[in-house]
Amino acid sequence: MDGYFESGALIAVLTTQPLDRTLDYRAPEGGCALGAFVEVPLGPRKVVGVVWGAGRGDFDLSKIRAASHVLDVPPMRAEMRQFLEKAGAYTLTPMPQMLRLATRAPGLGDGPSMRKVYRLGDSAPDRMTDARMRVLDTLRELGGAALTLKELAEAAGVTTSVVKGLVKHGVVVEENSPRDTAYPRLDPGYAPKDLTPEQQAAAGQMCDGVRSQTYGTTLLRGITGSGKTEVYLEAVSEALRQGGQALVLIPEIALTAEFLNRVEDRFGARPTEWHSGVTMTERRRAWKMVAAGNAQLVVGARSALFLPYQNLRCIVVDEEHDGSYKQDDGAIYNARDMSVLRASLCGAQVILASATPSLESWANAEAGKYTRIDLTSRYGDAVLPDMRTIDMRGEGLPATKWISPTLAASVRATVGRGEQALLFLNRRGYAPVTLCRACGAMVACDHCDAHMVEHRFLKRLICHQCGESKPVPDTCPSCEAEGKLAPVGPGVERLAEEAAEAFPVARIAVLSSDMYGTARELKSEIEGIAEGKADLIIGTQLVAKGHNFPLLTLVGVIDADLGLQGSDLRAAEKTFQLMRQVAGRAGRKEKRGTALVQTYQPEHPVIRAILSGDEDGFWRAEADERRIAEMPPFGRLAGIVLSGGDLAQVFDLGNYLARNDGALRQIGAQIFGPAPAPIARVRGRHRVRLLVKAPKGVHLQPALADWAKQVTLKGDLRMSIDIDPQSFY
């Protein structure tokens, strides 16, 4: 049959090993299909690979070994192989690295087996302890799902003996279960939501797209609180009705719990999860069930895009503008753009949902490449917040304080009415800089060209580049003066300290990604806030991402000018998006919210655009500036980072590449650099950047590949190429 190799036939196998080609093998006994997952010998080891085609035969045939066996999983579909090839060609990522993205699950080669799992039983414990309560709470939160002994103990933060003690009393049930089981079926007709006429029209248009079984991308732009989620879930529902699979990408693990609950309410069962917080056992199960078609809906982080879907009909990229969709190390890709690529290859619909879309998506909609649907009204009785600036030039605030008198008065009034207030500052930790008042030195990371950030709650200094941490020193590392180290500038922890002093009766919750050891702890904190267990929330950009706090009526932005500083191409865009998103947290029900923006530049065009709500006006002005400068999305950029232990060698490499730019000049591209990266040393490695700028529409990647081939990287020298860079650190 077509695409099938008989026993002993020559096959080309792509493995995840860092090699620059496929390897030739003999098909195993019984033969194998094109795309089959096989185990093959490689030196003394056995590795997993995929049959990529017929062997090349450019090797001594007598030395070619046979593949060991075919794995008990469905072959990789032609559409998936094509997606990996095209994504690799676009991002200039070697194919073994692309295959690693598609096989990120443990034990794919293991055969069917049983395991002991633990579920909630019907009995009550003879006595209750905190540890036992955590086990029971963990199982209740899982909604009937089962965990292995190790997973349950780790999730609950207890020893395995605690779980076994509960098993002895019948409170927890131990049973044998197949390692990989199908997920509960989702019912598209289980509990459809009542939609407004505007939402119905939007959902109907997207469902028509799904029914067409052809590719299309829709930009679903809706103001915060307009019910975008319920609208795109109708498109997901249509995909399930057709017997297809759907994927919803979300930008933050902290959003997963609330979203899963909404899916369960809508479809009567929980979807498949895929993100870093999922256990290895569940990751293996998810991969296999997606491949077998026994997982209808996957909710996950960007890497969920590389799962082996059999019939993918709909991809939703929620908060499509969010920077976390860009993978910045290893295989460098943007999940938003790769979603469009994957859908175009399998005839699926893509829905890019955002209140503040990226300029790239806005421009594609303006150009007619994407369909655009706008939701202009908040759902139910909710209305848009009243947005105003606080001109900090007239507030007379001391240098060591950050909450203005005007904002403080509004917080007191809000909390006094039994409502919630939010203070937003996009800086983690206690203070971004620790300065010695004796010698003026700033405490820096030993391995990076970056200041260490004080985290007072942890009593540590932490480098946000490499993760290095150390206790806060008593003496200056430079001059050894005692008692002279002082924090400079605010982080959310320092803001919380000021708030506790200013609002002594308020219950304060701090939301920052680095303050919670597990996703479960963060989820619990968010649920508590939503239930009204805090009066004042202090948070970083984590709070801007889709959380629904019904009692929240006041948002105060502490430093709106922070994102406007520096030379980031997207500084204005990111500030506009973040400020509009965080302001939209206020007033989600019948009470109108207020957003107060502290700024020293109330006349700045971005601040004026935030207040006016003229989003299309802002995008048009931003687009005009980028068009004149021929910058993305009206031009092409590629960022090249060279790194190594010897700074002179790294610069020599950069200078050689800059001088020998013939391949790039042929397509009209320009090279800027080499120059030290803004963060010039990370983990002890020196970093030098080059930037390639090219006209829109040129074939940049082949020229870049030819240009990079001029050099052979020796020793510890490394080169990273970032197509369409989002950051320039």
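**A walk through the predicted model**

Let's start in a loop: Q213 sits between helix α6 (197–211) and strand β10 (216–222). Helices here are DSSP runs of H or I with at least four residues, strands are runs of E with at least two, and both are numbered from the N terminus. Keep in mind that this is a predicted model, where local features need pLDDT of at least 70 and side-chain atom pairs count only at pLDDT 80 or more, while totals for chains, interfaces and linings use all residues. Residues are numbered from 1 along each chain as its sequence is written, and side-chain values use heavy atoms, with hydrogens and water left out.

Back to Q213: its phi is near 55 degrees, a positive value in a residue other than glycine. For context, most residues other than glycine have a negative phi, and most peptide bonds are trans. With a relative accessible area of 49%, Q213 is partly exposed. That label covers the range between buried (under 20% relative accessible area) and exposed (over 50%), using a 1.4 Å probe and protein chains only.

R683 also has a positive phi, near 55 degrees, and is not a glycine. Look for R683 in the loop between β31 and β32 (685–695). Its relative accessible area is 55%, so R683 counts as exposed.

What does H447 touch, not counting residues up to four places away in sequence? The partners of H447 are E468, R681, V682, R683 and G684, where touching, or contact, means heavy atoms within 4.5 Å. H447 itself belongs to the loop between β21 (433–436) and β22 (453–455). At 33% relative accessible area, H447 is partly exposed. R494 is 47 residues from H447 along the chain, and their C-alpha atoms are separated by 26 Å.

Now for the cis peptide bonds. One of them joins G673 and P674, with omega about 10 degrees, and P674 is part of strand β31 (residues 670–682). Another runs from P632 to P633, with omega near 5 degrees. P633 is in the loop between α17 (615–629) and β30 (635–644).

Next, a residue in a helix. Is I607 buried or exposed? It is buried, at a relative accessible area of 1%, and its place is in helix α16 (residues 605–612). Leaving aside neighbours within four places in sequence, I607 is in contact with T389, A560, L564, T599, Q601 and P602. A560 is 47 residues away from I607 along the chain, with 8.0 Å between their C-alpha atoms.

On to a pair of helices. Two packed helices are described by the angle between their axes and the distance between the axes. For α3 (residues 130–141) and α4 (residues 149–156), the axes come within 9 Å and cross at roughly 110 degrees. The axes are lines fitted to C-alpha atoms, for helices over the stretch in contact, and the angles run from 0 to 180 degrees between N-to-C directions. Helices α3 and α4 are therefore roughly perpendicular to each other: the label applies from 65 to 115 degrees, while under 35 is roughly parallel, over 145 is roughly antiparallel and the rest is oblique. At the contact, R134, V135, T138 and L139 of α3 meet L152, A155 and A156 of α4. By class, that makes five nonpolar, one polar and one charged residues. Nonpolar means Ala, Val, Leu, Ile, Met, Phe, Trp, Tyr, Cys and Pro, charged means Asp, Glu, Lys and Arg, and the others, Gly among them, are polar.

Helix α1 brings us to A87. At 1% relative accessibility, A87 is buried. Beyond residues up to four places away in sequence, A87 touches M98, M338 and L341. T15 is 72 residues from A87 along the chain, and 17 Å separates their C-alpha atoms.

Finally, the inside. A cavity is a set of points on a 1 Å grid over the protein atoms alone where a 1.4 Å probe fits but cannot get out, and lining residues have an atom within 4 Å of a point. The model has one cavity of 30 Å³ or more. The largest cavity holds about 80 Å³ of space, a volume being the space filled by probe spheres set on the grid points, which are joined across faces, edges and corners. Its lining has 13 residues, with Y90, N334, D337, I723 and D724 nearest the centre. Two or more lining residues come from each of α1 (78–91), β16 (333–334), α10 (335–346) and β33 (718–723). Which element gives the most to this lining? That is α10, with three residues. By class, the lining of the largest cavity has five nonpolar, three polar and five charged residues.

Terms used. On a 1 Å grid over the protein atoms alone, a cavity is a set of points where a 1.4 Å probe fits but cannot get out, and a pocket is an open set with protein on both sides within 12 Å along at least five of seven lines; lining residues have an atom within 4 Å of a point.
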